[in-house]
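User: Hi! Could you walk me through a protein model I have to look at for class?

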Amino acid sequence: MKEEVELEIVVSPDNHGYFDRYYISQETLNKFSVFNIKSVYRNGKLHSKATKSNPIFAYSFPSGRIKLYRPLSVDKSKKWYGNSSSDDLGGFEQLPKKGNLLVITKSLKDTMVLCEMGIPALSFNAESVGVGENTDYADLIKMLKYRFYNVVVLYDNDDAGIVAARKLCAKYNLRSIVLQKEKDISDLVFRYGKPKAFKQLKKRLSRVLRITTITPY
């Protein structure tokens, strides 16, 4: 039987500044319930403490579950931790009721970057979750297609992301785009800034959807 994990976080009053490089504002972090963390307790015991060089951020979901993100961790196996599940969708609660475009992407960070561009987006718990044997998002996708005229998948431009996007699109009859210059939209914004990143994204979207009504942020 899988052990039930309870997580308690101690929020830091400071803004670490990590998300500034992706043009994600404090207002957006608050909107998506993303917190800079001092320490994490697992089932009542200290699990980890943040440092300036190795910060911890918490993605808090309406379910009460948490996903911990250590983007600067040298040990990549400790980059992610938490008790979130496939039921936890990043950005779902923040979506408008209806719209012309919705992007399904692979992380809450990418979701927030797209939000800063004025593009509604959401993310599953991981790229593989949407096509996993134990997950069926048919009702969710049907509802999203009703609310948004175009629903597009934007996963990483690497082997894992391309395969996952292909499977997701085949399973739910969706269309996908792939960025050319960087792996994901966050890296694109970090390297080129918001205006150039938006221009490339709009170009990719316009080719796939054959629409030009993507308003700038």
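This is a predicted model: local features need pLDDT of at least 70, side-chain atom pairs count only at pLDDT 80 or more; totals for chains, interfaces and linings use all residues.

User: What pLDDT does the chain average?

Analyst: The protein chain averages a pLDDT of 91, and 95% of the residues score at least 70.

User: Okay, on to H4. Which of its residues are buried?

Analyst: Gly161, Ala164, Ala165, Leu168, Cys169 and Tyr172 are buried in H4. They cover an arc of only 130 degrees around the axis, so they sit on the same side of H4.

User: Why would residues a few places apart point the same way?

Analyst: An α-helix has 3.6 residues a turn, so residues three or four places apart point the same way.

User: And what does the face turned away carry?

Analyst: That face of H4 has the exposed residues Asp159, Arg166 and Ala170.

User: What do the buried ones pack against?

Analyst: The buried residues of H4 pack against strands E7 (99-105), E9 (148-154) and E10 (175-177), and against helix H3 (138-147).

User: Switching topic: in what order do the strands of the open sheet come?

Analyst: The order is E8-E7-E9-E10, with parallel pairing. E8 (121-123) and E10 are the edge strands, each pairing on one side only.

User: How many bridges join E7 to E8?

Analyst: There are 3 bridges between E7 and E8. Val103 stands opposite Ala121 in E8. H3 packs on this sheet too, touching E7, E8 and E9.

Definitions and conventions
Residues are numbered from 1 along each chain as its sequence is written. Side-chain values use heavy atoms; hydrogens and water are left out. Buried means under 20% relative accessible area, exposed over 50%, partly exposed in between (1.4 Å probe, protein chains only). Helices (H or I, at least four residues) and strands (E, at least two) are DSSP runs, numbered from the N terminus. The arc is that of the directions from the helix axis to the C-beta atoms. Contact means heavy atoms within 4.5 Å. pLDDT is the predictor's confidence in each residue, from 0 to 100. Two strands pair if DSSP finds at least two bridges between them. Axes are lines fitted to C-alpha atoms, for helices over the stretch in contact, and angles run from 0 to 180 degrees between N-to-C directions.
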